Amino acid sequence: MGILTLSEKIYWGVFYMHRKTAVITGGGSGFGREVALQLAKKGTNLSIVDISEENGEEAVRLCKESGSDAIFIQADVSKVEDVKRYVAQTVEYFGKIDLFFNNAGISGSGVRTVECSIEEFNAIVDVNLKGVFYGLKFVISEMLKTRGGVIVNTASLGGLVGIPTLGVYSATKHAVIGLTKAIAGEYGRENIRINAIAPGTNETPMVKAYPEEAIKKMAEAVPMGRLGQPHEVANVVCFLLSEESSYIHGAVISIDGGASAL
Ligand SMILES: NC(=O)c1ccc[n+]([C@@H]2O[C@H](COP(=O)([O-])OP(=O)(O)OC[C@H]3O[C@@H](n4cnc5c(N)ncnc54)[C@H](O)[C@@H]3O)[C@@H](O)[C@H]2O)c1
């Protein structure tokens with residue numbers, strides 16, 4: 001906010017406190033960016049957290065175009081000091097955290113599970129499990145100060161079933177669901193609502209990077225005969241982050257064209 005007079009600080013302080021503030025990890029691309037854009041249109045303040053400066057800055061630009069205030073914080077969710085910093089910087093700028101889309105994640109190289117290298121195993125666990133846990137740890141402690149908040153964790157269809165050649169990814173996404181359910185049991189009475197989403201395969205940049213033949217096969221295996229689009233996931237996330245879903249807590253919502261029904 002630069003150098004402001006006291007009255008300007010009070011004005012902007014009241015302005016920001018009045019609006020809801022959302023933190024979105026992996027906010028620079030895919031689901032995270034879609035959710036950011038939908039929330040921006042509703043006038044939510046946005047803290048876009050991403051390891052990629054290019055992705056994050058572009059998301060901020062688009063959110064501002066939609067009329068919301070947005071900041072980019074470059075951070076690696078697998079590093080505890082980065083997580084503390086993105087929480088602190090958000091609170092410093094916007095004054096509080098109301099909504100948290102705990103979403104950043106990586107997949108894997110698609111080899112049979114025991115052929116996964118130790119380095120790849122550690123990298124996936126660091127981002128998908130430790131990163132999600134660190135986010136919950138430091139965001140929830142802020143939400144307790146303001147007596148409430150709403151959280152959505154990104155799990156996956158791979159958190160509900162085992163996905164051959166994505167065994168480690170699948171294990172971390174099962175863990176995200178475990179964290180979601182345990183925390184739901186712990187913080188519901190403190191007005192902190194938490195749910196997880198379990199998307200099937202969606203055409204985000206993560207998936208578009210797969211070979212074309214593999215994408216075609218994945219689409220054929222879905223009961224609806226197609227892959228999902230990021231906005232179809234974002235619609236559900238924004239619903240879960242809103243008052244419209246005020247009694248949904250500790251749930252895992254599949255968004256997968258019927259894939260988990262088989
Ligand atoms: N795309 C799918 O089909 C699909 C399906 C189920 C679940 N998911 C999950 O959805 C989430 C988002 O995936 P997406 O498809 O939108 O991916 P994406 O690759 O389009 O976007 C992910 C974003 O996260 C950022 N990121 C990666 N590692 C990070 C780190 N260590 N710290 C901070 N930011 C980091 C990337 O820079 C990128 O901007 C992930 O958790 C993924 O596992 C995706």
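Student: Why does Lys42 count as exposed?

Tutor: In this predicted model, Lys42 has a relative accessibility of 57%.

Student: Where does Lys42 lie?

Tutor: Lys42 is in the loop between helix 2 and strand 2. Its C-alpha is 33 Å from that of Asp126, and the two residues are 84 apart in sequence.

Student: What makes helix 2 a mostly covered helix?

Tutor: Of its 12 residues, 9 are buried. They are Gly30, Phe31, Gly32, Val35, Ala36, Leu37, Gln38, Leu39 and Ala40. To be called buried, a residue needs a relative accessible area under 20%.

Student: How do you know that the reach of helix 2 is close to the expected one?

Tutor: Helix 2 covers residues 30–41, and its first and last C-alpha atoms are 17 Å apart. The expected span is 1.5 Å times one less than the number of residues. For helix 2 this expectation is 16 Å, and the 17 Å reach is close to that.

Student: Which residue just after helix 2 has a positive phi?

Tutor: Gly43 does, with a phi of about 80°.

Student: Why is Asn45 called buried?

Tutor: Asn45 has a relative accessible area of 0%. Buried means under 20%, and therefore Asn45 at 0% qualifies. Asn45 belongs to strand 2, residues 45–50.

Student: What makes the pairing of Asn45 with Thr21 a polar contact?

Tutor: The side chains of Asn45 and Thr21 are paired at 3.3 Å. The limit is a pair of N or O atoms within 3.5 Å, one able to donate a hydrogen and the other to accept it. The Asn45 and Thr21 side chains are listed as such a contact.

Student: Why is Asn122 called partly exposed?

Tutor: Asn122 has a relative accessible area of 36%. Asn122 is a residue of helix 5. From its C-alpha to that of Gly250, 128 residues away along the chain, the separation is 27 Å.

Student: What makes the phi of Arg147 worth a remark?

Tutor: Most residues other than glycine have a negative phi. Arg147 has a positive value, near 60°. Arg147 sits in the loop between helix 5 and strand 5. With a relative accessible area of 67%, Arg147 is exposed.

Student: Gly158 has its place in the loop between strand 5 and helix 6. Is Gly158 buried or exposed?

Tutor: Buried: Gly158 has a relative accessible area of 0%, and the limit for that label is under 20%. Gly158 and Thr172 are 14 residues apart in sequence, with 8.8 Å between their C-alpha atoms.

Student: Which residues come nearest to the ligand?

Tutor: Of the 30 residues around the ligand, Ser29, Asp50, Asn103, Asn202 and Thr204 come nearest. A polar side-chain atom of Ser29 is 2.7 Å from a ligand oxygen atom. A backbone N or O atom of Val77 lies 3.0 Å from a ligand nitrogen atom. The protein buries 92% of the 830 Å² that the ligand exposes when taken alone.

Student: Which classes and helices make up the shell around the ligand?

Tutor: The shell has 13 nonpolar, 14 polar and 3 charged residues. Helix 2, helix 6 and helix 7 each supply at least two residues. The largest share, 3 residues, comes from helix 7.

Student: Which residues of the largest nonpolar core touch the most other members?

Tutor: Tyr86, Phe100, Leu136, Met143 and Ile151, out of 30 residues in that core. Strand 3, helix 4, helix 5, helix 6 and strand 6 give two or more residues to this core. Helix 5 gives the largest share, 8 residues. In soluble globular proteins, nonpolar side chains tend to be buried together.

Methods:
Residues numbered from 1 in each chain as written. Predicted model: local features only at pLDDT ≥ 70, side-chain atom pairs only at ≥ 80, totals over all residues. Heavy atoms only, no water. Helix = DSSP H or I, 4+ residues; strand = E, 2+ residues; numbered from the N terminus. Buried < 20%, exposed > 50% of the residue type's maximum accessible area, 1.4 Å probe, protein only. Near = heavy atom within 4 Å. Areas by Shrake-Rupley, 256 points an atom, 1.4 Å probe, with all protein chains shown as cover. Nonpolar A, V, L, I, M, F, W, Y, C, P; charged D, E, K, R; others polar. Core = buried A, V, L, I, M, F, W, Y, C linked by side-chain atoms within 4.5 Å.
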